[in-house]
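Have the sequence and the 3D view open as you read.

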Amino acid sequence: MPELPEVETVRRGLAPVMEGARFAKVEQRRADLRFPFPANFARRLKGRTVESLGRRAKYLLACLDSGEMLAMHLGMSGRFTIEHGAGAKAGARELPGEFVHEASADAKHDHVVFTMSNGSVIRYNDARRFGYMTLIEPGGMDAHPLFKGLGVEPLSPAMTPRLLASRAAGRAQPLKAFLLDQRVIAGLGNIYVCEALYRAALSPLRPASALATQSGAPSAAGRLLAQAIQAVLRDAVAAGGSSLRDYRQADGSLGYFQHTFCVYGREGQLCLRGTHPSGGEMRPQTGDIGTRRAHAHERSEGGAARACGGMVERVIQNGRSTFYCPTCQK
DNA sequence: CCGACTACCTGCCCGC
DNA sequence: TGCGGGCAGGTAGTCG
């Protein structure tokens, strides 16, 4: 599941039990996940204190007091569960991203178990084992093969129409593949690429070069897409936090997949554009209640935003499902 | 450099 | 109830 918003949600859940705590015990139950664990992985972690838990793209990064960094990637099916110890920071249970370990969980895929000095037990569970963990030497992140080629952090100020245009100029590759390329933008995955293109009303089949003009400056499409990417991710991060509680009560699991999407997974259903106050419309300003209200008001008065009426289709690009509305995504 | 493709792994869901 | 096929949120490696 984990694309950037899910990883960020997990980070916010883990931070209160990991930051400031020591690894009292580290159980590594197999020699590898997607890659072999580094030599003496458990021994190098044990006794170390987590100074901060950060995120880069889809990686969780625990900075250790040794100067090393523990990098964790969730692959396709990786998840963390937490059993809270008495010493966890007050309020930890209320924070988004928390998910509670259940005795019935599929323990045979619990590959790594951290017991923290505050008594909390953190389990990494990953049925498909596409995830991985590694330790990075002090100061070694920029040169590390996993990180050196990573593209721009999409929620950072560096994620500009200009950046998109400069990377997209002259490329025949479809927008879908361009946005999935972690060397350009790091953190989008199959779902949020579909959602961002939908929000920007751009076809996933369009060549990436559509994001730039002849001179290489950002096109209107490029400006729209840059904004759509950030809006989609911000909304998803916000939803991950706010919706978690209900999800947890429902089945005790992680709160990131109940989020409903505007286009992903909606094959054969009516396009939502123009049918709902927040039905995937490209908003002029994200996260601004006042603007959103004004926008809805304008629509009800002028009737400018009629329902699209199209049908969501699924096509395969690079072996992966793309969902889009051919009627409004051009 | 670009772009297409394969491989890695398990679980789940569907149709027969 | 079992079995085969297709599908799943990711990405590293290979090849033309």
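Cys63 is partly exposed, with 28% relative accessible area; that label covers the range between buried (under 20%) and exposed (over 50%), using a 1.4 Å probe and protein chains only. Keep in mind that this is a predicted model, where local features need pLDDT of at least 70, side-chain atom pairs count only at pLDDT 80 or more, and totals for chains, interfaces and linings use all residues. Residues are numbered from 1 along each chain as its sequence is written, and side-chain values use heavy atoms, with hydrogens and water left out.

**Cysteines**
- You'll find zero disulfides here, a disulfide being a pair of cysteine sulfur atoms within 2.5 Å.
- Cys271 is in no disulfide, and its nearest cysteine sulfur, in Cys328, sits 3.7 Å away.
- Cys271 counts as buried, at 1% relative accessibility.

**The sheet**
- Strands S2, S3, S4 and S8 line up in that order as an open, antiparallel sheet; strands are DSSP runs (E, at least two residues) numbered from the N terminus, and two of them pair if DSSP finds at least two bridges between them.
- At the edges are S2 (50-56) and S8 (132-136), each pairing on one side only.
- S2 and S3 (residues 59-64) run antiparallel and are joined by six bridges.
- Arg56 stands opposite Tyr59 in S3.

Terms used
Chains lettered and ligands numbered in written order. Helix = DSSP H or I, 4+ residues; strand = E, 2+ residues; numbered from the N terminus.
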